[in-house]
Amino acid sequence: MRKLGLTAALAATVALGACVQTKQYADVQFTPPEGDYKLLVLRPDVTVGSLTTGGMVEPRAEWTDEARANIIAALRAQQAGRGGNVTIIEHRNELPGVPEQELADVERLNFVVDESIVDAKYLGNYLPTKRGRGLDWTLGADAVKLGQQSGYDYALFLHAEDQVASGGRVALGLLGFAGCFIGFCAPNIGGAEQLDYASLVDLKTGKVVWFNVVDAASQVPGIKFGDLRTPQGAAQMVERLLGRMKPGQDVGRRQAIR
Amino acid sequence: MCARCLELTRRSLLVGGGVAAAALHTGIADARIRPQDMVPLVGPGFKPTDVDEQGLWHDMARVEEEIADSNLLIQDPKITSYLRDLIGTVGGPAAKDFRIYLMRIPDFNAVMFPTGFAVVFSGLLLRMRNEAQLAGVIAHESGHFLRRHEIRSWRDQRRKTDLFSIGAMLAGLGGAGAGVYLGDYVQLAQLGTILSLFKYSREMEAEADAMGVKLIAQAGYDPMEMSTVWQQLIGEEQASAVYRGKHRHHGSLFDTHPSDDARMADLKADALELKVPGKLYNDYRDRYLATIGPIRPMLLDDQVKLNDPGASEYLIETLAQDGWNGLLRFYEGEVWRLRNRLAFNDEARAAQSYAAAVVYPDAPADAWRWHGIFLLKQGRTAEAKAALSKYLTMKPDAPDAPWVRQTIG
């Protein structure tokens, strides 16, 4: 199961119609932060769009704003439960003591590192040298410097995108379903899909200590697996993405022995 | 019987596809769009009111933030304010709303984003010979915004993919009901949809050209300069292709832009309509060169290091049509030196260029350095030492200064 990539896993679920997938990785020495820690959330990247009849995603300003506000509220509530002290910044000039350009550099670096993690851990391009080493990526000195300048223990990067099937898309799916009765069965044309990922960086070491992806996709338009525009949907997404943070394999093993 | 009429052979598909393609490619689709038909569709301070356009603008805010913080940005205040003034001159009714960013990318390009910010590539500043030419390209980009191309293209794509999906579903259902297979028709329709999206994109580009040429004529620049830009680009691509033993791209059905040749021809026809007979146009070359002067060595350096000697040679020679100088001669030498082909006798050509460069008062320090090194190779030690000490005087803290000092003793 560990070897089953995200795409492969997704492909396998097509027949089922829809599914929620989540797969997290952690540094072998990772212990989920608890107690009195300071967490910095950098510019959460949220977009919500409408899935057109033809299958394109049309971004919606109002939905995106609603979803972002809901996610931020859910994130604050969830982190407060763990004892964390959270700051969420929306713009690069909101972090005292850190020049905008340096923050931009860390964000850009994180973006390419995340891409590399997705490629090696989720899309099946496994790196033999990283076998059995958990999540073994780092942002290096830049992230440590950010921690020293800002005084935060961790940085969280969060991406969430949600597409809502439009009326036209649902109607097209229904037409495809109706076709099943005359021998042309195509209800699974693809519907709502939510894709979220997050990475946690330890600002003391610069290492990416934890990474998670949630994919909640429905092949049949009209069936939903969470809607970020509602507070419940956003809370559910934060819970799926961040709520079940597991320790790294070495830490897990030690805990099991005890 | 009718099931048989619907049967498609491979040949009929090819013929049908060919006819559809030809119909899309020729005839009315490629008719020139006349500048006088191009009126701006937005006024000053435009803000979207439709839900789809608002979504697009919302997404773009983050993109602009990313570009404004990019480490590729050239932030020379003199050049950036010059570009701002220029888009303010040729920006039509939205002149005051535009933002313009200069990025260090050695390529001929500029991009307008749907919310009214433009990105100009540094390679564009290298290629433009005067302010009028640069104004032409910027006016073309303004044209995209003034004609609301991004949202119109998006709506066109949405409409066509909607129609195609519904059509494909109905073909599947109808085919199943009638007991025939219509998959081949669906594929043909898909190709048609894709081709028509590319054609729409080319139409938008043609509109932006026509709008742009009108804007620069209104601002008092010679409208003919825009077609000259394309003439230069065609020459550059030709030279690059010839050197690499390839053919220049002449345009296809899958292009997002009309072919360079078509654009040049249309822009020339547009300019003839707009040119005021007897008027003397100022191209503001001096003002342009004075502004980009401080970064011109960097622009030339980036170009030469692209390892595209055909294009680099053409570019330098084109710029030199306005007069040779030490900087251009030096980079001409760099093209030969870096190409280093025995068959073309590149070493000797490079040496000649450096020798020619140092005759001009504006020769960069590195021209003296390479001139000295080539003199050394030729055994002309005394002259070499003189050239190298000139290099040291101009650049006392050069990274190779200790070596040079040792060499000249």
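Chain B is divided into two domains, with domain 1 spanning residues 2–8 + 23–274 and domain 2 spanning residues 295–408. The model is a predicted one. Taken over C-alpha atoms, the centres of domain 1 of chain B and domain 2 of chain B are separated by 39 Å. To the contact, domain 1 of chain B contributes 18 residues and domain 2 of chain B contributes 16 residues. On the side of domain 1 of chain B that touches domain 2 of chain B, at least two residues each are supplied by helix 5 (122–127) and helix 9 (225–244) of chain B. Helix 9 of chain B provides the largest share of this side, eight residues. By class, the residues of the side of domain 1 of chain B that touches domain 2 of chain B comprise eight nonpolar, five polar and five charged.

A helix pair was also examined across the two chains. Helix 5 of chain A (residues 167–178) packs with helix 7 of chain B (residues 149–178) at an angle of about 10°, and their axes lie 10 Å apart. Because angles under 35 degrees count as roughly parallel, helix 5 of chain A and helix 7 of chain B are therefore described as roughly parallel to each other. The crossing of helix 5 of chain A and helix 7 of chain B is left-handed. Helix 5 of chain A makes the contact through A:Gly168, A:Leu172, A:Leu175 and A:Gly176, and helix 7 of chain B through B:Asp162, B:Ser165, B:Ile166, B:Met169 and B:Leu173. The contact of helix 5 of chain A with helix 7 of chain B has five nonpolar residues, three polar and one charged.

How values were computed: Residues numbered from 1 in each chain as written. Chains lettered and ligands numbered in written order. Predicted model: local features only at pLDDT ≥ 70, side-chain atom pairs only at ≥ 80, totals over all residues. Domains from an automatic or database assignment. Contact = placed C-beta atoms within 7 Å. Helix = DSSP H or I, 4+ residues; strand = E, 2+ residues; numbered from the N terminus. Nonpolar A, V, L, I, M, F, W, Y, C, P; charged D, E, K, R; others polar. Axes fitted to C-alpha atoms, helices over the stretch in contact; angles between N-to-C directions. Parallel < 35°, antiparallel > 145°, perpendicular 65-115°, else oblique. Left-handed = near helix turned anticlockwise from the far one by under 90°.
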